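Please keep the sequence and the coordinates at hand while reading.

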Amino acid sequence: MPQVYNWQLGREMSYPYEARHPQWQFAFVFNINRCLGCQTCTVACKSTWTFSKGQEYMWWNNVETKPYGGYPQFWDVKALRLLEDANPGGQTWTEKAGDAKAPYGTYDGITLFEGAERRFGDDGSRRVLGYMPADDEWTAPNIYEDTPKGEKGVRNQFRHGSAMLPSHDTWFFYLQRLCNHCSYPACLAACPRKAIYKRQEDGIVLIDQNRCRGYKKCVEACPYKKSLYRGTTRVSEKCVGCYPRVEGKDPMSEGAPMETRCMAACIGKIRMQGLVAVNEDGSWTEDKSNPLYYMVKVAKVALPLYPQFGTEPNGYYIPPRWVPRPYLRQMFGPGVDQAIEQYTAPSRELLAIMQLFRVSRRIIFKYEIEEGEKVYETTINGKPWAMYNDTVIGFGKDGKEIVRTTVEEPLHVRPDKHANAI
């Protein structure tokens with residue numbers, strides 16, 4: 001296989017095609033700490049794209065409860081097992097002070113593409129290690145919802161009493177998932193019809209419905225299981241990144257790029273989606289005024305989901321603070337400790353940027369901060385920390401201001417002339 005550079009792994013890796021990168025990349029950051037598990041995002045996507053016959057069990061966006069929940073069931077456990085079977089005990093990282101080429105250190109294990117090079121099954125060679133979920137694994141997207149992990153070795157009992165950070169003995173968290181529109185998509189690599197492609201203008205991965213013949217190779221290969229088969233049309237479908245909205249063709253956008261339906265519907269304000277400029281070598285163009293670039297590349301508070309798969313996903317997560325670190329390191333890689341430290345005591349700039357989550361349906365390409373007065377100070381982890389009521393301003397693709405807000409949420413007092421109907 002050709003060699004491509006995967007910056008999330010800090011090294012080159014095998015991939016069935018030569019590297020080709022878009023000019024802009026669709027990307028998003030989810031703050032797991034703030035998710036309510038309300039499924040508003042799930043319903044927004046469902047009511048827009050997958051409400052037709054044959055799509056009854058098709059959820060392009062879903063929210064599952066970890067550690068037990070999953071759609072399809074146990075998708076991540078099974079993908080991790082494929083790596084472990086191909087390279088027993090070898091999925092480790094060499095952690096070091098990272099630079100832009102290797103911000104999390106170097107991954108010493110194998111990816112799903114490299115694992116496929118070692119495996120020759122009964123049905124021949126494959127381009128990606130994968131598996132096909134059984135039909136019943138797709139039928140309960142909310143299975144194990146709100147089911148916590150208890151004390152190890154004790155069934156059906158949870159620790160009572162108070163809990164304190166850095167981790168809880170009884171815990172769960174919500175994991176929000178949609179297609180990661182990966183830089184090296186496993187679905188694209190596995191398709192024998194070359195029906196899957198990555199758009200040059202925004203990096204969104206799409207399936208050409210006219211070329212697809214429903215071989216399900218993409219369903220088998222995608223480790224995140226976000227390519228799905230539709231029996232009524234006998235072709236595969238997947239998240240389209242709400243590309244008409246990203247293109248600015250939504251009637252409400254007046255030509256400006258808008259966030260996807262699942263992002264715009266989030267009432268917990270945990271989601272931010274945008275576009276980042278990409279260099280010819282696939283690295284992100286340095287732009288510290290882009291809120292996504294700042295969170296992923298500068299603050300390193302948001303991490304990719306299962307980077308060891310090797311697809312270089314473009315969805316990033318701020319890890320939950322209360323979950324045991326070994327579980328999080330397996331899920332998000334070795335950058336977990338730094339990310340949680342950054343989130344627990346955010347810098348003045350990071351705190352201001354996080355106020356931009358869900359303040360506008362339009363995509364924010366750039367931000368500026370106007371400094372305000374100090375409104376609070378305390379000590380966090382033995383270090384002094386202060387909060388300033390700064391004003392953060394978001395700008396659209398055309399450079400015009402689209403939103404401004406402050407770190408402290410504004411307080412509105414209802415006038416006496418408006419009776420409280422409640």
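Is Glu247 buried, partly exposed or exposed? Glu247 is partly exposed, at a relative accessible area of 29%, where buried means under 20%, exposed over 50% and partly exposed in between (1.4 Å probe, protein chains only).

## Basis of the values

The model is predicted: local features need pLDDT of at least 70, side-chain atom pairs count only at pLDDT 80 or more, and totals for chains, interfaces and linings use all residues. Residues are numbered from 1 along each chain as its sequence is written, and side-chain values use heavy atoms, with hydrogens and water left out.

## Salt bridges

Side chains of opposite charge can pair when their charged atoms come close. A salt bridge is defined here as a side-chain nitrogen of Lys or Arg within 4 Å of a carboxyl oxygen of Asp or Glu. The whole structure contains 20 salt bridges. In one of them, Glu247 pairs with Lys249 at 3.2 Å, N to O. Lys249 is exposed, with a relative accessible area of 61%. Both residues belong to a network of salt bridges that also includes Arg199, Glu201 and Asp202.

Asp250 and Arg245 form another salt bridge, with 3.2 Å between the closest N and O atoms. Both of these residues are buried.

Arg404 and Glu370 are also paired, their closest N and O atoms being 3.7 Å apart. Strands (E, at least two residues) and helices (H or I, at least four) are DSSP runs, numbered from the N terminus. Arg404 is partly exposed at 42% relative accessible area, and Glu370 is partly exposed at 39%.

## Nonpolar surface patch

Tyr68, Phe74, Val77 and Tyr144 make up a nonpolar patch on the surface, with about 320 Å² of accessible area together. Members of a patch have over 30% relative accessible area and no salt bridge; nonpolar side chains (Val, Leu, Ile, Met, Phe, Trp, Tyr) are joined within 5 Å, like charges within 9 Å. Areas come from the Shrake-Rupley method with a 1.4 Å probe, and for residues only the protein chains shown count as cover. Tyr144 sits in the loop between strand 8 (124–125) and strand 9 (173–177), and is partly exposed at 36% relative accessibility.

## Pocket and cavities

On a 1 Å grid over the protein atoms alone, a cavity is a set of points where a 1.4 Å probe fits but cannot get out; a pocket is an open set with protein on both sides within 12 Å along at least five of seven lines, and lining residues have an atom within 4 Å of a point. Grid points are joined across faces, edges and corners, and a volume is the space filled by probe spheres set on the points.

The largest pocket has a volume of about 440 Å³. It is lined by 18 residues, of which Glu18, Arg20, Leu188, Tyr197 and Lys198 are the closest to its centre. Strand 10 (residues 196–198) gives the most to this lining, with three residues. Ten lining residues of the largest pocket are nonpolar, three polar and five charged; Ala, Val, Leu, Ile, Met, Phe, Trp, Tyr, Cys and Pro count as nonpolar, Asp, Glu, Lys and Arg as charged, and the others, Gly among them, as polar.

There are eight cavities of 30 Å³ or more in the whole structure. The largest cavity holds about 110 Å³. Of its 14 lining residues, Cys179, Cys182, Cys187, Cys222 and Lys238 are the closest to its centre.
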